[in-house]
Amino acid sequence: MPRDSSATKARLLDAAFTEFAAHGIAGARVDRIAESAGANKRLIYVYFGNKEQLFDAVLERAMTAGAESVPFDVEDLPGYAGAIFDHLVARPDLMRLRLWKLLERPSVTGLEPDAFQHKTAEVADAQRRGEIAAGMEPADLLTMVLAAAQAWFWAAEGMDPKEVSQSWSQQRLDLHRSAVVEAARRMSEPKPAST
């Protein structure tokens, strides 16, 4: 019976996500990834090249899944910020993975710059139409909205992002989300024309 390479790749990517989020690239072990995926270690190199390329594939897959789970809506930047916050609460390991990327692969670009440029262009168009605030450059406004959505995960100094979201009560979670949405609203809401 032929081997299902797509299923094996998916298992390797799932196992690698967990391993990289916990240990980063330097601390991750391909032996543990292969064992967790129920696959031969050699297949990691066959399918992905090396450990760094596997990390890049894991991050790209996670970012693509995030973009699909939280579609960009230039007409509702506050709702978009809230949806990102919800996604990160549900996937706290994603913040750890992004931290490792910033620490260990800061110069590697991939999916993110193209997606950011596309979103920035949409923000610029909405600003020209008067649908969102025009006081900031489009890239700055989008960056601030994204930062608001992620801020609570970075703010708890000394705590793992996974522990942060798991330690919040539902009431605290609701307050944080409301603050994120309100910050994005204040940044993006067009000012009424003065009469």
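Beyond its neighbours within four places in sequence, F20 is in contact (heavy atoms within 4.5 Å) with I25, A28, I33, K51, L54, F55, V58, L97 and W100. This is a predicted model, in which local features need pLDDT of at least 70, side-chain atom pairs count only at pLDDT 80 or more, and totals for chains, interfaces and linings use all residues. Residues are numbered from 1 along each chain as its sequence is written, and side-chain values use heavy atoms, with hydrogens and water left out.

F20 also belongs to the largest nonpolar core, which has 46 residues. Such a core is a set of buried Ala, Val, Leu, Ile, Met, Phe, Trp, Tyr and Cys residues joined through side-chain atoms within 4.5 Å. L12, F20, I33, L54, V58 and L97 touch the most other members. Helix α1 (residues 5-27) gives the most to this core, with 7 residues. In soluble globular proteins, nonpolar side chains tend to be buried together.

F55 is one of the contacts of F20. F55 lies in helix α4. Its relative accessible area is 0%, so F55 is buried; buried means under 20% relative accessible area, exposed over 50%, and partly exposed in between, with a 1.4 Å probe and protein chains only. Leaving aside neighbours within four places, F55 is in contact with F20, I25, L97, W100, K101 and R105. F55 and G24 are 31 residues apart in sequence, yet their C-alpha atoms are 8.8 Å apart in space.

Now take α1 itself. It has 23 residues, but its end C-alpha atoms are only 26 Å apart, short of the 33 Å that a straight helix would reach at 1.5 Å a residue. The expected span is 1.5 Å times one less than the number of residues. Where is the kink in α1 centred? The kink is centred on A21 and is about 80°. The bend at a residue is the angle between axes fitted to the seven residues ending there and the seven starting there. The buried residues of α1 include L12, F17, F20, A21 and I25. Its buried residues pack against α2, α3 (42-48), α4 and α6 (92-104).

Helix α8 (residues 138-155) has 18 residues and reaches 25 Å from its first C-alpha to its last, close to the 26 Å expected. There is a kink of about 45° in α8, centred on A149. A149 is among the buried residues of α8, as are L141, V145 and F153.

H87 lies in helix α5. At 15% relative accessibility, H87 counts as buried. Not counting residues up to four places away, H87 touches G66, S69, V70 and L94. E75 lies in the loop between α4 (51-69) and α5 (77-90). E75 is exposed, because its relative accessible area is 66%. E75 and I132 are 57 residues apart in sequence and 7.7 Å apart in space, C-alpha to C-alpha.

Step back to the chain. It has 10 helices and 0 strands; helices (H or I, at least four residues) and strands (E, at least two) are DSSP runs, numbered from the N terminus. Buried residues make up 38% of its 195 residues.

Finally, confidence. The mean pLDDT (the predictor's confidence in each residue, from 0 to 100) is 89. Confidence is highest in helix α2 (residues 30-37), at a mean of 97, and lowest in helix α9 (residues 161-167), at 65. Where pLDDT is low, the predicted coordinates should not be read in detail.
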